[in-house]
Amino acid sequence: MRWLLLKDLRILRRSPGLVALLVLYPVVLSVLIGFALSAGPDKPRVAFVSLVPPESGELDLGNERVDLSRYEERLFSAIDPVPVECNREKRGDCRRAAVDKVESGAAIAALVLPGDLTDRLQGVQALAAEGPPVAEVFYNADDPLKAAYVEDTIKSELRDANLSLTTKFTEVGLSYLDLIVEGGEVDVPLAGSVDILGLRRAEQIVERAKAGASPRERQRLERVARFSRLARENLDLSGPVLRSVREPIKVRTVALDGGNTSLSSFAVALAVAVSLMFITLLLAAGTLALEREENAFPRLVRGLVSRTALLLEKTSLAAVCSFAICVLMLLGLGLFVDLDWGRSPLWVVALAAGALAFGAMGVAVGALTREVRAASLLCVMLSLPLAFLALVPSGSVSPVLYDTTRAISALFPFKPALDALDAALNDSGDLGPALLHLAALFAAFGLLGRLALRRFA
Amino acid sequence: MADASTATTPTSATDVEGALVAEGIVKRFGDREALKGVSLRAARGELVAVIGPNGAGKTTLLSILAGVQRADAGSVNRRPEDVGWVPQQTALYGKLTVAENLRLFARLERLDDPDAAVKGMLELTGLSDRADDLVAELSGGNRQRVNIAIGLLGRQDVLLLDEPSASLDPRQRERVWDFILGLTARGTTVVYSTHDLQEAARHAERVVVLADGEVLFEGSPAALGEVVEREGGTHGDFEGAFVAFLRHRGH
């Protein structure tokens, strides 16, 4: 078996194009899949126009001044702002220029903040009748996926801005309530600082007045004092109520299954599993089928090498090569993604188990197809659907279909290999069951390959 | 004697040491019976030619004698590893050089001195100057020479050759036959299949004629000539008479 292994390595060394393709294709494909799954689309290019005059950039909320540019900065971190050149004194020009950016394709959306934004917000605080300011969003719906993403991004950012302002308004409202209850000084435009008596001090004054009052007046004063006390006590309770209005429903999230793997860490496990699958399947199936295409198989198995030894040799060759490539791939990915190097012994175990199971599947494919081209084609045709089947999330399809996808995935090594790698890399679960699953598939595919070799020559 | 349906069963040939004995070999492919109880016996140092038209079962018979295929019935007295075999199609690795191919099989044969065996075979086949060339770059004739050399590496005392000279030019063919005749002179039993009636008549000591899985004739080339002439009539040449002979026998 050793000599056959060396022979195959020598043949691979003399096929640099094939080896490069065999290595680069799955690596590039898996990295692309990994990035596609782990990263959202780029920041959307959004034409942004703020018609708010520079001198109105601050909002006066009670005793606090809020700089609105902070909210613009937050929005800019979520989008790629496209500058719009226009005369800001002419609202229609700027609005038209922003829409032009969208229609010309320079931006996928436009956000126009009205010039009266600050005034209207100030008016909301003063309970003025104009109503809240209206921000306009224009977007291109040619690409539904991108349009949905843009809509979600802008709505999400505006919702955050609204929530922030609501918090500020609530705090201002609460300070007014506190002023009514406890009394104090407040700045009033034109009038200057005004002293507010407050319910507590009013109640004390009434209590003191009761001492020198006639019984009838005392009775009336008692009613005023009771009202003042009840109002103070109930307004004290309004603080928690108003604060709860900001977030009526609090959310507590609990992950029931799958641990706490981040998307980028899972993408690493996925990228490595895809590469492991492609390289091992193609190598194992291809090298076995090559023995038949070169007519060497009959010569080998008539006493020189047993059929089982031949299968083991091809499985080992493919597993060793793919293992080495995937280790290098992990080392490379480790430069970009934070990996727990302390768990590297577990990576080795998971990679080795996955490689052996894929190797056994590869020789089964090679033995069944008997030709290098057919074997390669079948490997590629099997690999992608198996990868996608293993990634179907629960709840995305009907329960029956989901159970079917799980059952099909369980028949092939991709899902258990992905689970094993995820467990080894990210501590996302128990490694043992996945390894046992891979061992069972190694035995099953090995047996299938051995049976298929009966009609191989 | 080994049951050919379990061809790997080891058997020591005591009464026919150095010889090959196959009895009642039957091989079916689905409903088609490729070999219908074929028996063949070759004495030590004997050169036996198996001839017949395409589809007669020559390659199937040699594959069963070599242990490559299993017979459905019948027996062979040799284990596969005790028989040298040269397949009809070249069984070589195109990405390896001539010497690397020979060395690989010499090692798999567990020869005591693989390098010496490789050197000997390179000299025998006249390919010493092409030793470091990739097999994929060789002509068909030279590939066949390497193919034969690999079959001869084990130096077994029974050698099976499936159409060994099919793709060789006359000079290469002569060299191969010189070598084969040298082997038989040293006691190696050689059984080979061929389409070439003249080659069979020229080199073989005994000829077995197969047609549709049946043995039609077994005897010396001279005896075959007489039978062919008697049953095939005069058709100008031996090949024409042979075809007429087959037709006369219902094939």
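## A helix pair in chain A

In this predicted model, helix α12 (residues 344–369) and helix α13 (residues 372–390) of chain A have axes that come within 8 Å and cross at roughly 135°. The crossing of α12(A) past α13(A) is right-handed.

From α12(A), the contact draws on A:Gly362, A:Val365, A:Gly366 and A:Thr369. From α13(A) come A:Ala374, A:Ala375, A:Leu378 and A:Cys379. Sorted by class, the residues of this α12(A)–α13(A) contact are five nonpolar and three polar, with no charged residues.

## Nonpolar cores

The largest nonpolar core holds 151 residues. A:Ala273, A:Ala420 and B:Leu65 have the most contacts inside it. The top contributor to this core is helix α9 (residues 263–293) of chain A, which supplies 21 residues. Another core, of 22 residues, lies apart from it; A:Ala47, A:Val52, A:Ala107 and A:Leu121 are among its members.

What does B:Leu65 contact, leaving aside its neighbours within four places in sequence? The partners of B:Leu65 are B:Leu20, B:Ala22, B:Val76, B:Val83, B:Leu160 and B:Val191.

## Where chain B touches chain A

Chain B puts 19 residues into the contact, and chain A puts in 16 residues. On the side of chain B that touches chain A, helix α2 (residues 98–108) of chain B gives the most, with three residues. By class, that side of chain B has eleven nonpolar, four polar and four charged residues.

Notes:
Residues are numbered from 1 along each chain as its sequence is written. Chains are lettered from A and ligands numbered from 1 in the order in which they are written. This is a predicted model: local features need pLDDT of at least 70, side-chain atom pairs count only at pLDDT 80 or more; totals for chains, interfaces and linings use all residues. A nonpolar core is a set of buried Ala, Val, Leu, Ile, Met, Phe, Trp, Tyr and Cys residues joined through C-beta atoms within 7 Å. A residue is buried if 20 or more other C-beta atoms lie within 10 Å of its own, exposed if 12 or fewer, and partly exposed in between; C-beta atoms are placed from the backbone. Helices (H or I, at least four residues) and strands (E, at least two) are DSSP runs, numbered from the N terminus. Two residues are in contact if their C-beta atoms, placed from the backbone, lie within 7 Å. Axes are lines fitted to C-alpha atoms, for helices over the stretch in contact, and angles run from 0 to 180 degrees between N-to-C directions. A crossing is left-handed if the near helix is turned anticlockwise from the far one by less than a right angle, and right-handed if clockwise. Ala, Val, Leu, Ile, Met, Phe, Trp, Tyr, Cys and Pro count as nonpolar, Asp, Glu, Lys and Arg as charged, and the others, Gly among them, as polar.
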